[in-house]
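Please read the numbered points alongside the sequence and coordinates.

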Amino acid sequence: MPSREQLVKIAIDTLKLLKENNGDNQESKNNLASYLYTADTRLSEYLEKLKEYTKLKKPTREESKEAGNLLEQIVLLVFPGLEGVQTIKSFQSAGPQYDLLISGDDVDWSYVCDLLYLDIYKRDIVVEAKATKSPLPDKQFARLCSIMNLNLKGSGLGIFFTLNGASGFPRLNSSRQRAVSDCRLRQIIFYAQTNKIIIVLDKNDIFELDKNGALLQILTRKI
């Protein structure tokens, strides 16, 4: 029986042939997502702990701090599961601090970029984890816009891991919005100005990340 690495290579080679013969095949790209993200077996345990935290009505300061650390641990477990990841960095660069910078350079990473509609010259992913009970405020969204535009010019995708989304974004089962504001408005303007994408994951998205393929499927849908 072939190993997972061999299956990934077969899947990529097959997609390459399909693209050469039939152009860009979205169905094949969607199927490839399940091969390009392998969920860490430890994620389920961490996600269960996060679920317990989200059930607390009035968490203490210590519990909120623990939730922040927990969300960061989840992020650290998630991104090594992407095929083609070569570096995962967290450091202070020219002033601003950000949680993670994920990048790759090989063929596998080029297919991840293709799935996520990323320019190969702007193929780095910036990740921020915010475990606050309230939705992400506009100032935090603006901060990441600035970092991606001024400090991390090789980045093309920014991802917020949050518990309750961001201000201005529609809520689950809410009515259609007639106007945009706050983080949602900034997201649209930033993309129009830079062609760079920032998306927001909430707890419902995060709880799915212990399934193979889920990360890429969620990101693609958000984008």
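1. Two strands are said to pair if DSSP finds at least two bridges between them; strands (E, at least two residues) and helices (H or I, at least four) are DSSP runs, numbered from the N terminus. Strand 4 (residues 155–162) pairs with strand 5 in the parallel sense, over five bridges. Within these strands, Leu 157 stands opposite Ile 197.

2. The model is predicted: local features need pLDDT of at least 70 and side-chain atom pairs pLDDT 80 or more, while totals for chains, interfaces and linings use all residues. Residues are numbered from 1 along each chain, and side-chain values use heavy atoms, without hydrogens or water.

3. In strand 5 (residues 197–201), five of five residues are buried (under 20% relative accessible area; exposed is over 50%, partly exposed in between; 1.4 Å probe, protein chains only). Ile 197, Ile 199 and Leu 201 point one way, and Ile 198 and Val 200 the other. In a regular strand, side chains alternate between the two faces of the sheet.

4. Beyond four places in sequence, the contacts of Phe 161 (heavy atoms within 4.5 Å) include Leu 71, Phe 79 and Leu 201.
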